[in-house]
Amino acid sequence: MIKRAIRRLSLRGLTIAVLALFLIATVATGISILAANRVTVARAVDRRIEAIADLVLERDAGEKRLPTPLLLARIATLSGQRDTGDIGLLLLGADGRRLGGNIAPRSTLPMGRSDLRQRDGIIGLSHGRALVRDAGEGRRLAVVAETEPFDSHRAMRTRIYLTGFGSIILIVVGGVIAFSMLVGRRIADQRATVEAIIAGNIRHRVPVTGSGDEFDRQAAAFNRMLDRIAELMDAMRSQSNDIAHDLRTPLSRLRGQLARMVEDARDPAQAERAGTALAQCDALLAMFAALLRIAEIEAGHRQAGFAPFDLSALVRDTGAMMIPVAEDAGHSLSIAIHAALPDFVGDRQLLTQVLVNLIGNAIKYGGDRITISLDAGEEGVTLSVTDNGPGIAAEDRAHALRRFGRLDTARGATGGHGLGLPLVEAIARLHRGRLELGDAAPGLVVSLILPGR
């Protein structure tokens with residue numbers, strides 16, 4: 001149960017919990033020591049005044065009772081001695097009348113042991129202990145001693161405890177806060193590296209301070225892991241690019257031969273077959289181009305070309321450019337920009353390609369109405385393309401974002417290589433954003449959510 005609760009604690013929660021436990025333990029220890037000190041002093045004073053009372057009330061040999069003059073003489077003797085000069089003594093008669101002594105309290109002291117305060121009116125005493133014993137024949141002997149060797153001793157002792165334990169608390173609290181800030185900063189460095197890698201900057205690494213501590217060793221191990229992952233990715237990307245480039249060359253030659261066959265064909269059937277082969281060859285070349293484009297984007301190299309630009313103007317210009325294309329295909333295209341946006345930092349060319357791809361998909365697969373919208377919200381900027389076509393079922397949307405994830409049954413029978421949406425998603429990730437597919441009821445809404453800069 002305790003282990004489960006600890007696992008659920010955040011760094012801030014764990015820090016607060018440790019500080020709270022330490023404060024409780026420190027305060028409890030201080031109170032316990034203060035109380036134990038007071039009890040120890042009170043017991044020592046009680047033993048002393050009990051010994052003094054025994055001396056006053058001690059009977060000599062043959063005495064059956066102690067006469068009052070003898071008690072008063074002993075009180076006077078003890079009051080004058082050096083080691084008992086600070087002791088208060090009082091003898092009261094059976095009627096409560098003061099018979100003698102060196103103190104005169106304002107109120108009657110109870111039998112047995114009791115605490116004394118300044119309000120009891122004993123001159124020179126702020127805190128003390130009293131012992132009242134029966135002296136025979138109704139008389140009472142009161143012996144009083146201070147528990148503070150000098151005035152305001154208890155207040156000064158309390159201040160000393162508060163100062164001592166308070167300084168310990170401040171030191172520990174400061175140390176815990178500093179440790180929490182150190183751990184938080186190192187975790188933030190690691191998180192920033194992870195976010196940079198997610199955004200496509202595979203070369204980003206966790207900073208190493210050179211101290212050689214646990215954090216540095218952890219960062220070095222993490223960086224070595226990233227280096228190995230980068231090596232493997234580079235190897236895979238290099239092989240994929242080599243394959244794509246190697247295949248593009250013979251495909252380009254094949255396309256040239258097919259184009260000549262179409263031009264030279266005299267038989268219409270032969271020309272049709274050559275034209276079909278030429279179209280398939282063009283589709284393969286487009287697929288390889290898209291794969292190379294995605295690899296380039298995922299490598300993060302395009303971030304070097306990021307610059308501020310007017311995203312609203314880009315949406316307006318691209319939408320205006322695509323309106324004639326949509327109208328030629330029998331679709332209406334409208335543009336809705338709902339907020340004035342500051343300059344956006346990114347790759348203008350890639351975001352233009354995103355918009356062209358999404359509009360092209362809507363023309364190819366959607367209904368007769370297409371809407372481009374641009375909004376600003378809490379998460380940043382949302383660029384959406386909505387159509388009123390058949391849409392994509394919720395259970396098929398994840399498949400639609402996979403490479404070569406064709407959904408011919410959901411969006412019509414028109415062919416495609418299934419790389420359009422993965423390319424758009426790669427561009428979204430490059431800009432630290434994400435791509436979402438939603439239901440336009442009817443139709444599909446494709447939203448590119450980009451963080452504000």
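Helix axes were taken as lines fitted to C-alpha atoms over the stretch in contact, with angles running from 0 to 180 degrees between N-to-C directions. Helices (H or I, at least four residues) and strands (E, at least two) are DSSP runs numbered from the N terminus. The model is predicted, so that local features need pLDDT of at least 70 and side-chain atom pairs count only at pLDDT 80 or more, whereas totals for chains, interfaces and linings use all residues. Residues are numbered from 1 along each chain as its sequence is written, and side-chain values use heavy atoms, with hydrogens and water left out.

The axes of α7 (residues 311-328) and α8 (residues 348-365) come within 10 Å and cross at roughly 35°. The crossing is right-handed, that is, the near helix is turned clockwise from the far one by less than a right angle. Contact (heavy atoms within 4.5 Å) involves L311, L314, V315, D317, T318, M321, M322, V325 and A326 of α7, together with R348, L351, T352, L355, V356, I359 and I363 of α8. Twelve of these residues are nonpolar, two polar and two charged, where Ala, Val, Leu, Ile, Met, Phe, Trp, Tyr, Cys and Pro count as nonpolar, Asp, Glu, Lys and Arg as charged, and the others, Gly among them, as polar.

One cavity of 30 Å³ or more is present, a cavity being a set of points on a 1 Å grid over the protein atoms alone where a 1.4 Å probe fits but cannot get out. The largest cavity holds about 30 Å³ of space, the volume being that filled by probe spheres set on the points. Its lining (residues with an atom within 4 Å of a point) consists of L90, L92, L109, V132, R140, L141 and A142. Strands β1 (88-92) and β5 (139-146) each give two or more residues to this lining, and β5 gives the most, with three. Six lining residues are nonpolar, none is polar and one is charged.

Note on methods: On a 1 Å grid over the protein atoms alone, a cavity is a set of points where a 1.4 Å probe fits but cannot get out, and a pocket is an open set with protein on both sides within 12 Å along at least five of seven lines; lining residues have an atom within 4 Å of a point.
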